[in-house]
Amino acid sequence: MSLKGKSVLVIGRSSGIARAIVDAALAEGARVTVAGRDAAKLREGYGDTTAAETVDVTDDASIQALAERVGSLDHLVTTASARARGQLKDLDRDSLLKSFDTKVIGPVMLAKHFAPRINEGGSFTLFSGVAAFKPAVGYLGVAITNGAADFLTRSLAVELAPIRVNALSPGVIDTGIWDALGEQGKAEYFEHFRTHNPARRIGEVEDIAQAAIFAMTNRFLTGVTLRVDGGEPLT
């Protein structure tokens, strides 16, 4: 199935993975609406290539209002996340709740309000992550959030059928978030993963965007978490 002429809603920022998905959908001929907490910033980032809306996925009233404004659509992709990183001794309840609220409960409420508006053959794509399949010290909060998102994908696929529901699970992707490590720190971090994962490379945002297009257009794919992680959990 082509995305040509289809309506796609992407929730996320105007950079990184969300931006790559938007660009890929536009290249496929889709009509794209972007949504996030700061619609003005989204309009500035995307220009006139998309429509921009405001939404807070931790606020049910905001989600419902967005659904009413957008109306019917073909595909919804949510990339929103809040990471609760740190070892157990450093984790706090508020960061864990924010992580679950954004990446698990938020998609549940998005499904609730948007499912009646998704056209025949449409889909809902959310995000899990590699930590769900390869636990590591310092990523407990991330792992359990992503694990819940993985299970949510299968549950929603059954409940929302025939609307298709899938998730993407990225590995280490060069989105810019690792720039905070500094040039040398980032290079060393990437070199470690590049030399250890079976793909022998670091992921790029385009890798995830291609998977998102596949999830939206393959009409026999549902209840699946596509693990676009270079085989990292195998190591």
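Mentor: First a term: contact means heavy atoms within 4.5 Å. This is a predicted model, where local features need pLDDT of at least 70, side-chain atom pairs count only at pLDDT 80 or more, and totals for chains, interfaces and linings use all residues. Residues are numbered from 1 along each chain as its sequence is written, and side-chain values use heavy atoms, with hydrogens and water left out.

Trainee: OK, what covers the buried residues of α5?
Mentor: The cover includes α4, β5 (118–127), β6 (164–170) and β7 (225–228). Helices (H or I, at least four residues) and strands (E, at least two) are DSSP runs, numbered from the N terminus.

Trainee: And which residues of α5 are buried?
Mentor: Among them are G141, V142, L152 and L156. Buried means under 20% relative accessible area, exposed over 50%, partly exposed in between (1.4 Å probe, protein chains only).

Trainee: Switching to H113: buried or exposed?
Mentor: H113 is buried, at 14% relative accessible area. H113 lies in helix α4 (residues 93–114) and touches D60, I63, Q64 and A67, leaving aside residues up to four places away in sequence.

Trainee: How many aromatic pairs are there?
Mentor: The structure has 3. Rings of Phe, Tyr and Trp (its six-membered ring) pair if their centres lie within 6.5 Å; planes under 30 degrees apart count as stacked, over 60 as edge-to-face and the rest as tilted. Y189 and F190 have ring centres 6.3 Å apart and planes at 45°, so that pair is tilted.

Trainee: Which residues form the aromatic cluster?
Mentor: W178, Y189, F190 and F193.
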